[in-house]
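Thanks for making the time this morning.

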Amino acid sequence: MENLVEKRQITAYVTKIRWERIWLHLEVRIQYAENADKQSELSFYLINGLYEAKAKLKAEGRNQDTYKLKLNITNPGTGLCLPQGTYSLIVCQNHCQMAKAEITESLVKDMSNASRNFLYGGRAKIYSVTFYVTEGDEGLPFIMYVLASTRTAISAPNSQSGKKGFDPKKELKKRYSKFNKPFKTDMYWSYRKKYKHKSQKPVVLFMSEQSTSISTNLKAVKDRMLARGMDKEFLILESYRSSVTTPRMGLQSWMDTLKKMAMSDFIFLDDHAPMLDWLVIDKDTVITQLWHAGAGFKASGYSRWGHIGCPAPYSCHRQYKYGISGSKNIAHFFSEVWGINDSQVLPTGMPRIDEFLDEGYRGKKTKELYKKYPMCKDKKVILFAPTYRGKNKASAHYPYELIDFERLYELCGEEYVVLFKMHPWVAEGVPILDKYKDRFADVGTYPNINDLFYITELLITDYSSNIFEYSLMRKPMLFFAFDEIQYSFSRGFHRDYEESAPGKICHTFEEVLQAIEKEDYEYPKVEEYVEKHFDYIDSGASDRVIDWVLLGKMPDFVQRELAADAAVKKELETLDFRPTI
C-alpha cells in the first residue's frame, strides 16, 4: 500500500477515548490540506510493529470532520481477541496510507485513565490495553499497547533449584492419564479419522453439556425434524451430560460423546459446552448455538470480559459457525456474548416459541394450570419470577427478606393471587406462611415457566430473559431491581438497563406495591420491546433453523453479510503496510 503520510494531505488527531464494556470508542478529527481529496471515503486500521493490519475500525458516524469509531477488542472481525502488540492508527484513502493518527495535547493527561485491564482465568490472567506517547517522537503519535499476561511471583526469588517434591515419573503418568485433555483430544481425532465418512447420510448431533435431558430450543428443532420426516435424510444423534452436577465424567461417557462429535457434520448446542474450551474440533463440522436466552440484560460470555467467570481469550464460543436470535435488531447482543461476527447470528427466531404460540397447546396448558392451581381461577395472577443471586449454582440464592409478604397479601385482596417461580438454581423454597397460602403459591417445581405466562396478568422480574416470551402476551411487567448498581458492577449489563427494561423499574418493594396499587406499569415499553426483538411472530422458527443451517437455504441478506465480513477478514490478512523503498 502506497505511503503518502509525509505529504500531509490529511492529518488525524484522536480527541476522545472511551470504553463501553469490550468496545473501544475513539473520536478522530480529520484536517485536510487545501488541495486534498475531501470526498473519498476514509478507512481506519490498527497496524502493529510488523506493519500488519490487525483490525479495521467501524465508523459509527461522522460529525463534520470528526469520525466516531469503534472496535470490539475481543473480536475485531477475526473471531479472536485483538493480538498482543504495539499499534498505530493509520488513516487510509483510495488504498493509500494518508495519515498516522496523533493525540491532541488536551487528551494526553487522560490517557492513563483510558487504559484498561481485563482479568480472566480466575483473576490469575490479564489482558491489558494501554495508551501512551513516547519520548523523542515528533508530535504526539497515538500508540496502543496490548498485552496478555499471567500471574507471577512478586516475592524474593527462591534460591533452591528445581521444584520441591517434583517427581518426573508421576508427572509423565499424569500427562498421559486417560482422563486428561491431551488424551481426550487424541481420542476425538482418532474417531474423526475413522468415522468422518462412514455414514451415508449427514449426521446431526443434538448436544448439551449443561443438562442430562433435551429441552427448549434443542428439543423444538429435533421434534420438528422428526415431524418433517428428516430422520430419513439425516442420521440424528444425541448427547446430554451435565458438567455442572457431574464435573468428572467416566471414560465411557467421554468415549461415547467424542465418538458422536467425531461422526457429526452438524452440532446443535443449547449453552456453553466447557469441553469445547480446550477441544478444537474439525472446522468442517458446523456448530450452531441455540442458546435459550431470548435477550435479557445480564452480560454473559465476552460481554462480561474482565468480570468473574468470563471466558478465556479462546473458548467454546469461538467455534460457533452460527448462533440464533429473535431479530436482526438484537443480533449484536448475541455476537458480543459469543465473540463472533454479527453476520453469524441468524435472526430465525427462537424455536421454543413455536410451541408457545400454538393456540392448541396454549388452550391445553391453560386448562391444566387452572386444574393444578385452582386458586388462580377467576383471579388476576401475578407471577414473581426473578433471577438468582450468587456466583454459580452452588451459591445461588434469593434474598426473600426483601419481600414484604404481609403487605403483598393485603394488597392482593380478592382480586389477585401470586405465584412465585424462582430460578431453578435457587434451592431454598419460598417461605410462605400457612396463613398466606390461599393467595400465594410456590410453583418452583413447575417445569416450564412459559406455560405460566398464559394465565399471568402481571410479571414481576428483574434481569431475567423470561421477559422475551412474556412480552408476546402483551401484558405489563414490573422490574424489582433492588441491587441494580451492585448487579451492574459485579455481573454487568450488555445494554442500558434503565432504557431497555420493558416496564417500570422499582428499587424497593414499597415501590413495587405502589405500582401494583396504581397499575403504574409503563406499558408502552412492552410494545416497543416486541417491535424491536421479533422479526417473526409465528411458529416457524424451528423450520428456519432447519432450512437455513441444515439445508443450506440461507436468505440472500444473510449471505451478503457473511460475504462482507469474510471480505474484511481477507483484507486484513492481505494488506501490506510495509514502508515502500
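I will go through the nonpolar cores, then some helices, then the cysteines, and finally a few loop residues.

Before that, a word on how to read the values: this is a predicted model, in which local features need pLDDT of at least 70 and side-chain atom pairs count only at pLDDT 80 or more, while totals for chains, interfaces and linings use all residues. Residues are numbered from 1 along each chain as its sequence is written, and side-chain values use heavy atoms, with hydrogens and water left out.

Let me start with the cores. In general, nonpolar side chains in soluble globular proteins tend to be buried together. By a nonpolar core I mean a set of buried Ala, Val, Leu, Ile, Met, Phe, Trp, Tyr and Cys residues joined through side-chain atoms within 4.5 Å, and buried itself means under 20% relative accessible area, with exposed over 50% and partly exposed in between, using a 1.4 Å probe and protein chains only. The largest such core has 97 residues, and Met261 and Phe268 are the ones with the most contacts inside it.

Now to the helices, which, like the strands, are DSSP runs numbered from the N terminus (H or I, at least four residues, for helices; E, at least two, for strands). Helix H17, residues 541-550, has 10 of its 10 residues buried, so this helix is largely enclosed by the rest of the structure. Those buried residues include charged ones such as Asp543, Arg544 and Asp547, where charged covers Asp, Glu, Lys and Arg, nonpolar covers Ala, Val, Leu, Ile, Met, Phe, Trp, Tyr, Cys and Pro, and the others, Gly among them, count as polar. After H17 comes Gly552, whose phi is positive, near 70 degrees.

What about the cysteines: how many disulfides does the structure hold? The count is zero, taking a disulfide as a pair of cysteine sulfur atoms within 2.5 Å. For Cys310, the closest cysteine sulfur is that of Cys81, at 9.5 Å, which is too far for a bond, and Cys310 is buried at a relative accessible area of 10%. For Cys412, the closest cysteine sulfur belongs to Cys376, at 11 Å, again too far for a bond, and Cys412 is buried as well, at 2%.

Finally, the loops. Pro76 lies in the loop between strand S7 (66-72) and strand S8 (85-93), and Pro76 counts as buried because its relative accessibility is 8%. Its contacts, again leaving out residues up to four places away in sequence, are Lys54, Ala55, Leu71, Cys81 and Leu82.

Most residues other than glycine have a negative phi. Gln64, however, has a positive phi of about 55 degrees; it sits in the loop between strand S6 (58-63) and S7 and is exposed, at 69% relative accessibility. Arg123 likewise has a positive phi, near 65 degrees, in the loop between strand S11 (116-120) and strand S12 (125-132), and Arg123 is partly exposed at 48%.

Note on methods:
Contact means heavy atoms within 4.5 Å.
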